Amino acid sequence: MRPLSPSKAPAPRAEQIILFRVSGQIFAVSSASVQEVRGVDSLSGAAKKISQPGLGKVQYFAQRGDNSFYVISAAMHFGLSPSPPALVFMLRRTRTALLVDGIEKMTSMTRLQALPRAFCHEERGWYRGLTALDQSVVPVVKPEGFLTPDEMFLLDAAMSPALADTGSDPEAGDSLADAGVAQ
Amino acid sequence: MTLIAETELQSFVLLRLGDRRFAVAATQISELVAPSRVFRFPHRTPEVEGVILRRGRIVPVCDVAGKLVGKPLKSRRFYLIAQRNYGAQTEWVALPVSGDCELINAEMTLPTDSDAPHVSGWLSHGGDVIEVLNLAALTPGPGELLAPVAPLAQQEARP
């Protein structure tokens, strides 16, 4: 008769995250939410610099295949002092791309704590929660939180002539360079 | 029967903010801890200055001195970790205090209609009259109105 093997506590489920920097502040985003990371140098070509009143954080508009997307300054979104971005995160399952200063590292988190309820303003839409890493606390951003549905509606309404001009291009490539975002 | 005979002694933690002392019901206090690093990140809730890590939990820091004594604390001696109710849920909040805290037993006088929302009662202790704080009215929370000044049961029991 074999002895029963000791029961093991299930290992905490880890989620891969990217720690990134914006104006000296560290944030985290789930790696699964980032479809692609590109340098800002690749932002050249057909995309359009835009300036929508009240939405200064939205810097560019571009098309990628059948889809259009908006490039957002993370510094402006979070109300941080502006700093020159070096990278663009294309966010999966959203129509947004994010300008960030750089990647700090890739790591994993095993626990995501909900944002304490004392935080009761816009930040509730910005963050999935907070995680403790190396005796520090890092906010984990919500990819869909960079543009609200109302903001997206406003932008789409403002950009509809541009969409009509350019039309969609099913042959367009799948990279940001192919999308050709202009500085 | 006198009013005093009808009331019960309750435990309160006295805390100091600058020159003034306030009280919080001891049942709402989890612990008193030395100041630790406050982690800050962008947000739009001015009453919260950041978070601390305590026993694996991430606890928001709310400096209530601005509301109570008119200016934020210059020096912090401790953080009073208090339990803040949000409907059916309870979360910790860290309240910076500038001096020693003291546990006392006292009778609480219920507030009047003219008292500020953050006053859930009054204590007389050591020759001082001390406000008992209503943390729900002092610390922020999503989508809620200011908490009532005193629980309904206490209001009904009022002479």
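Student: In β10(B), which residue is the bridge partner of B:His125?

Tutor: This is a predicted model. β9(B) and strand β10 (residues 128-133) of chain B run antiparallel and are joined by six bridges. Within that pairing, the partner of B:His125 in β10(B) is B:Asp128.

Student: What is the order of strands in the open sheet of five strands in chain B?

Tutor: The pairing in this sheet is mixed. Its edge strands are β8 (102-106) and β9 (119-125) of chain B, each of which pairs on one side only. From one strand to the next the twist averages 40°. The order in chain B is β8-β1-β2-β10-β9.

Student: How many helices and strands does chain B have?

Tutor: From the N terminus on, the elements of chain B run α-β-β-β-β-β-α-β-β-β-β-β-α-α. The secondary structure of chain B therefore comes, as that run of DSSP elements is counted, to the totals asked for. Those are four helices and ten strands.

Student: Which residue in the turn between β4(B) and β5(B) has a positive phi?

Tutor: Strand β4 (residues 48-54) of chain B pairs with β5(B) in the antiparallel sense over six bridges. One of the facing pairs is B:Val51 with B:Pro60 in β5(B). The two strands form a hairpin with two residues between them, and the turn residue with a positive phi, of about 50°, is B:Arg55.

Student: Which residue takes a positive phi in the hairpin of β6(B) and β7(B)?

Tutor: Strand β6 (residues 78-86) and strand β7 (residues 89-97) of chain B pair in the antiparallel sense over nine bridges. In this pairing B:Arg84 stands opposite B:Glu91 in β7(B). Two residues lie between the strands, and the one with a positive phi, near 60°, is B:Gly87.

Student: Which element gives the most to the side of chain A that touches chain B?

Tutor: The contact takes 19 residues from chain A and 19 residues from chain B. On the chain A side, α2 (123-126), β10 (127-133) and β11 (136-141) each supply at least two residues. The residues of that side divide into ten nonpolar, five polar and four charged. The element that gives the most, with three residues, is β11(A).

Student: Which strands stand at the edges of the open sheet of six strands in chain A?

Tutor: The order of this sheet is β3-β7-β8-β6-β5-β4 (chain A), with mixed pairing. Each edge strand has a single partner strand, so one side of each is left without a neighbour in the sheet. The edge strands are β3 (34-39) and β4 (48-49) of chain A.

Student: In β6(A), which residue is the bridge partner of A:Phe61?

Tutor: Strand β5 (residues 58-64) and strand β6 (residues 67-73) of chain A run antiparallel, joined by six bridges. The partner of A:Phe61 in β6(A) is A:Tyr70.

Notes. Residues numbered from 1 in each chain as written. Chains lettered and ligands numbered in written order. Predicted model: local features only at pLDDT ≥ 70, side-chain atom pairs only at ≥ 80, totals over all residues. Pairing = 2+ DSSP bridges. Contact = placed C-beta atoms within 7 Å. Nonpolar A, V, L, I, M, F, W, Y, C, P; charged D, E, K, R; others polar. Axes fitted to C-alpha atoms, helices over the stretch in contact; angles between N-to-C directions.
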